[in-house]
Structure formats: C-alpha cells, structure tokens
Number of protein chains: 2
Amino acid sequence: MEHTKRYQLPEEEIPRQWYNIQAEMPNKPMPLLNPATREPMRPEDLYPVFAEELCRQELNQTDAWIDIPEEVREKYKFYRSTPLVRAYGLEKALGTPAHIYFKNESVSPMGSHKLNSAIPQAYYCKQEGVENVTTETGAGQWGASLAYAASMFGLNAAVYQVKISYEQKPYRKSIMQVFGAQVTPSPSMSTRAGKDIITRDPNHQGSLGTAISEAIELAQTTPHCKYTLGSVLSHVTLHQTVIGLEAEKQMAMAGEYPDIVIACFGGGSNFGGLAFPFMRHNFTGERNTRFIAAEPDSCPKLTRGVFRYDFGDETGYTPLLPMFTLGHNFKPANIHAGGLRYHGAGVIVSQLIKDGYMEGMDIPQLESFEAGTLFARTEGIIPAPESCHAIAATIREAKKCIETGEEKVILFNLSGHGLIDMASYDKFIAGDLQNYTLTDEAIRKNLES
Amino acid sequence: MEHTKRYQLPEEEIPRQWYNIQAEMPNKPMPLLNPATREPMRPEDLYPVFAEELCRQELNQTDAWIDIPEEVREKYKFYRSTPLVRAYGLEKALGTPAHIYFKNESVSPMGSHKLNSAIPQAYYCKQEGVENVTTETGAGQWGASLAYAASMFGLNAAVYQVKISYEQKPYRKSIMQVFGAQVTPSPSMSTRAGKDIITRDPNHQGSLGTAISEAIELAQTTPHCKYTLGSVLSHVTLHQTVIGLEAEKQMAMAGEYPDIVIACFGGGSNFGGLAFPFMRHNFTGERNTRFIAAEPDSCPKLTRGVFRYDFGDETGYTPLLPMFTLGHNFKPANIHAGGLRYHGAGVIVSQLIKDGYMEGMDIPQLESFEAGTLFARTEGIIPAPESCHAIAATIREAKKCIETGEEKVILFNLSGHGLIDMASYDKFIAGDLQNYTLTDEAIRKNLES
C-alpha cells in the first residue's frame, strides 16, 4: 500500500526572493487609473494609502525577482517551508490514475497562506514609521494573519470583517482579539462609507467590497496609519509566490512536474502564489501546464464576469482597476467560503485570463463541501471552505483521468484548514446548505446597475 | 535580534521504537487489581476491553524498547516529526536569561499530540479484527484524534464527550462528525452507567470519569467492539514517547540539554511522552533534570491527592489502579482545560512521584490564560487551555532565573493549539473567567465520600 508522502525543504531552501510575474508577462497588465483624472497611477499616488515600498512593488513591471527582507524571511521560518504532500489516500478513494499533490499552507499558525503577505506588509509599515494598520477580512483568515503580524511588529491593527462572516465564524474574531486587534463588522456606522451603505440597504450582510471601503476610510482619517489588503493587489500575490517557488523545488524532489495547477480564487493571491512560479515556464514555451482558478458559482467573475475598469471596493475609494468583474456593488450570496465572496479579479490574473494562460472553473457550494469532506476522510485535514473549491476542481480533473486513463500530475493549493469553519461543516452534514448558482439575468442586471 | 528558531528532524529520524519506561524504573508500578478478587490483572484479563497487543504493552515491565509498526510509522509521517522551537520571543518578553524551548505537537492535523496514540490504537484494533471502537473525550482533542484514526483504518467510532466540554467547544464535536464518528454527551441515557449517574445527580456536567464508564459499557455490550483510552494508561504514554525521543535529538541539534522539562497533566500521556525519554538518564545518574507536571489547582491530584488504589472511572468498571487520586467520583470545576479534568494520575507517574523523580505544580485558571495569551502574542501560536498550564509553569521557572541569573534550559510541551477553544479565550478577555482553587476541606470530604 502506498502512503501519503510529505516533501519538506530544509530551512536554507526557503526562498530568498519573490517572483514578480509582471516583469515577464507577454502582455503587461493595463494601468490602474485615477478615477477623477483617468490618468495612470504612479507609485507615489498610492503612498497615502499603502506603505511606500508596497506601492513600488505594486507597479513594478521590470524586476522579475525581488529580495525578501531578512527580517521577513526569519518570520517565515516560524512555519515555512510548508509541506508538499502526495495525496495517495485521495487518489485511492477516487480510483484515479492521476497523481495528486497538494501544497499544505494550512500549517501556518493562523491556519492559512495569508501570513505570507501579512508579515511583509506589517514589516514595511513598521520600517516606514507607521503605527496603525487597517484592513478588511472576509472569513477572517486574512484579518487573523494581519493581527498576528501587527502584533509581531508592534503595530496596532483595526480590522473590518464582513458582517455575515463575523456572525458565521465568531472564533476568527476571537483570534484577532487575542492578538490585540480591534474587530468591527462591516458595514458599520463607524465610517461614512459604512453609513452610506447601511442607509441604502439596512440589511446589507457585507462583502469584501464594503469592508475595504471602510478600512481605507479609517486609514485615511487616522494619523500614522496605512491600509493593508489581503488579496487582489499585485504586491500581495508577489509575496505569495513563496508558495509556488517552494512547490517547484518540492515537485522536483518528487521527480514530477504538474500538468495541471489548481487553486481556489477570491482575489487571486493564493492562486497566483502557487501558479505564477510555474506559469513562467509556459511563457518561455518550456512547459505547457494548465492553470485552473476554482471560484464559487455564486460569484463567477472569471467565467461569467466582464473585463472592464472597475473599483476594487463598494464605495469607490480605490483606483480604477482593469479587471474581470461582476460590478463593484455586486452582493454575493451568503456562501460559507467567505474569502471567495469578492466581485473582481486582480489585474495580473485578469490579463492572464484574457491572454489564455489560465482558466476559471465554477464550483457549486454543495460540491465544494462534498469534496472537502472526502479530502478530510482520506488525507486527514479538514480544509477551509475556500480550499474545498480547489479540491472539488481537482476531483473533477482526477475523475477525467479515470475515463482517459491518463496519469496526469495535478497540484493544488490547500490554502487553509477549516478548524474555525466547523459550523459550516455542521450545516453541510445536517443538509442545511444549498447552492446559489447565479442566473445570466442576475449577472447582467448587476453589471448594468 | 535573535529570532525564534525551529529544529526539524528529517523523516528518517522519526523514531522506530517507543520507549517503555516501566522496564527501567527503579521501582516498578504496583499491579492493577481485579476489584472483585483483588488479584493482580494479567494481560489476558484485559483482553475483553482493549486490543490484545495494547493489553500486553500495558503490563510489559521487561522490554525497554517496543517496535513501532511500519504502518503506524507511515501514518506518523502525515505530521511528524514535529518542530522543536527556541522561544526567543517569549524569553525576550519575560526578560529572562533562561533558554526556553517547546516541542510543538499542535502541528498535528487534529491539533494535538493525541494522534500519536490514536493511530496505533486504531491500528492494533484493525489488525485484530475489531470493527467498532468506543472512547471518552474531554475537550475533544482525543475524541477528534480517535475519530480521525478510526476513519483512516476503516473502523466505526463512538465517542462519549464530557457534557460541559460538548457544550463549551461545539466545533470539536463537528470535527468528529466530519470523520464519521458518533458523538454523545456524557452522562447520557444511552448506558446503564449514564442513567445511574443522572439519577443520582440530574445536573451532572460530566467528567472524564463518567465518559469512561459509558464508553467501556458500550464496548462491552457491542459486538466486535473495543474500548480505547486517550491518557492515564501505560500503553498510551508509551506511544506518546515519540515526542520525547524526537525532542532529545532536536535538543542535541540545538546543542543543549534541558535542566527542567515541563508538561501539562491530565492523565499523564503528554507529560510522560515528553518526559520519560529524558528521565531515563536520571535513572542512570547521568543527568539530574527536574520534571514538572502542571495541573489545574482545581484538580490537584498530584500535589494534594492521596496515593491509593482507586477506580479509573466514575462507575467502577475499570481495574483498581495504584494512583494519586482525588477520589473516582470527584467532580472537577468547569474549567476550560477539559483535558485536565480527571481525578487520578496514571500508575507510572504515580510511582515516579512517590519516588521523587518528578513533581506537580498547581496553576490557577486565570494564570493559565494569562500565560497562553502572552505566548500567543510572542510566539504566534494560540495554545490549548491545557497547554497554557505548561506555559504558566514555564514562565514561573523562567522568572526565577531572572532573580538568580541562571541560564537554565527549560523545555515544555505545547501539547495542542487552542483554535477550537476560542470561546474560552473570549471569556478570558471579557473578564468572565474565574479561579476554582480547591479548599483542603473539599478535597478531604471527597476522598472520604
């Protein structure tokens, strides 16, 4: 009997540089625009909102490799490298000839990949004399990670958590509080943006779009304060490339190279983090890997959204971003994968979709939890509801291999564990969850509104 | 600035044998007695309850090293070796010259050390043709681990969870259910033992003692069914010695040897698992390490209990065990460290206390959560309420080093993380927790009852 096998890198193999895909993309992303002037944004235009180094990283289209500060790398060592695992248990349960691997980012002390960017974001803020940071969070994986990183670097953190997730997953709020963060459900009455949203819709359950608006506003009205973001932006995905850079070395240890790379998709950071280091070999023609972004079918911006300039938040505080979007005021259904309830895709990923380097795949909620439960019982890790989407996509592809007999190598990202999401599994087991597949009509109406 | 440092063993260094301290103790534990005949129990007397190999391990006083089956070792590789960490962050926050290390058992997919014994127990049951397993659990760390291991080996699992923990920590029940286990709060009406307890005390909140009675009864009245236990018994501690055997090698990697070894104490399995591989060097006189078992001051059997023959469960289904005990019908206060709410200590540890090889230390509930919160903020891992007791004891010893200036090397076991225990942290942060220090009168009265 074959056993689940883990590949672990020695500490000295933890990456020393992040991979900046913008420098090597055949077509660069279109510029971010100032909504008032329609002029392209320069790094210095973003300085009022983000740490300056992060602004430079955001718009850097020339340097393919960016050094990881030694202090950040030391903090990475708290939990990195993370294991690459051959999922023999899952393969056997499916009866597939495919070779299934997963990169296990759930071993981070906050339970997800989000720390990979929270640490450098807090680090650069600290370096630049910032004292307070704000952010948004959905399910709370990002908020918990930012609270942790802020605590490590002696910063105060204020987090706006999407209201529906704040209520669905109360333990994540508690985790943030243990690390000393302030947590407010969004939309709230604590900002003008929040008040306006509540005035328009008193029962608004919140979305990443509403929480971003509130967090940006708080940052701009608080001294020595910067805003931080957990996904969507290019510098966040840059930091996440530690995932794929490690995975590439670990796949080599296993003597394989992926035919298909899969990750769940909210704003794109865990997807890009795993995929981009592999995708660069597609740019050169050296490889021909398929890249699949698994999104909820209730929030299908990659497959059914439109590509256009749109805001990153509900209120319109952000620059205009060239993105696949369902419209910045899209209100996603109350699915339990809170981290995937976002209306748009990051600018890099949006360009890559246009250019055919990757594809989206839509997963209904029930299929995601079925996949997650099978994974738990075969591989012993309860996945986050977000990660369940990647597992469901993996299972679809592995089942195709049963038909074709192909021994495809599939690599997916286990972006986080679901130990804080057990109330969602409870509902699934009790039969109290449902699908929220969107109609074409609903999508069209929202885009036109 | 010094950074937290992790020492990780390569896969081939995962132990191939467990250490059986019974073979090398200067004074062997006294025998288990049949309560009816007062005759010493032989392995075959225990066969109706436990897998036969576990019964032989339980009473083996001759073989110091017992082979880990290859199948078990393969499952250990899912998460082992676990990291040994130098806690520079905690040292700095305390301002202590002590060197603090912790063994991080929280990285197991179920979040605690309990899998180390759940896997072999399920394995031996499977090997011997058992189809169903029962067990008790307090906070749920053991129950979750047994549910996981049973699922891995294709066994059905039924878990009695202490009622107060079932209500305090609902997510652990959900975890067990994801792995297909049946979970019942104890005391319940599903067994004669449970009915009797509820009849005597309709508001009984449950204890490990009540849950053990129910689980044993269910095993004995169900075909092809064995009972399994998560602590107290000698074979459980035997399996847990993988912790200390790894830690010994990792301390050598760090170039140090502990002056003090600390673990929290419920029945003794995580304590013995870490301590015994080090303690053997005290038996030979080669080392003179101090061993501290940190117990809640609301359940102080090590420091304030009596040594006598007592039952391991509330109803009296177990053999009579020579143990430090508060009386088998002791009802512990509703502290949040559910895994430490047990009236007695295992027979090996009880003998070692008598012989002066180790000591108990009593920790009030509030001190434990203060310690856990400081640890979270300095080392980035939220500890289980049980593990908080070990951290509190470590902090006490590290503070003594500030006074004396000694650079003592302290090693403690981080037996589990607290991500499923956030409701307890919520209450602590809100000021809603209290101490339950026992009076001498209360202890005396219970022992006489």
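User: Which strand gives the most to the lining of the largest pocket?
Analyst: This is a predicted model, where local features need pLDDT of at least 70 and side-chain atom pairs pLDDT 80 or more, while totals for chains, interfaces and linings use all residues, and side-chain values use heavy atoms, without hydrogens or water. Residues count from 1 along each chain as its sequence is written, with chains lettered from A and ligands numbered from 1 in written order. β1 (5-7) of chain A and β1 (5-7) of chain B each supply at least two lining residues; strands (E, at least two residues) and helices (H or I, at least four) are DSSP runs numbered from the N terminus. With three residues, the top contributor is β1(B).

User: What is the volume of the largest pocket?
Analyst: A pocket is an open set of points on a 1 Å grid over the protein atoms alone, with protein on both sides within 12 Å along at least five of seven lines, whereas a cavity is a set where a 1.4 Å probe fits but cannot get out; lining residues have an atom within 4 Å of a point. Points join across faces, edges and corners, and a volume is the space filled by probe spheres set on them. For the largest pocket, that comes to about 450 Å³.

User: How many charged residues are in the lining of the largest pocket?
Analyst: The lining has 22 residues, with A:Gln8 and B:Gln8 among those nearest the centre. Asp, Glu, Lys and Arg count as charged, Ala, Val, Leu, Ile, Met, Phe, Trp, Tyr, Cys and Pro as nonpolar, and the others, including Gly, as polar. Seven are nonpolar and four polar, and the charged ones number eleven.

User: How many nonpolar residues line the largest cavity?
Analyst: This cavity, of about 600 Å³, is lined by 39 residues, with A:Ser106 and B:Ser106 among those nearest its centre. Alongside 14 polar and four charged residues, the nonpolar count is 21.
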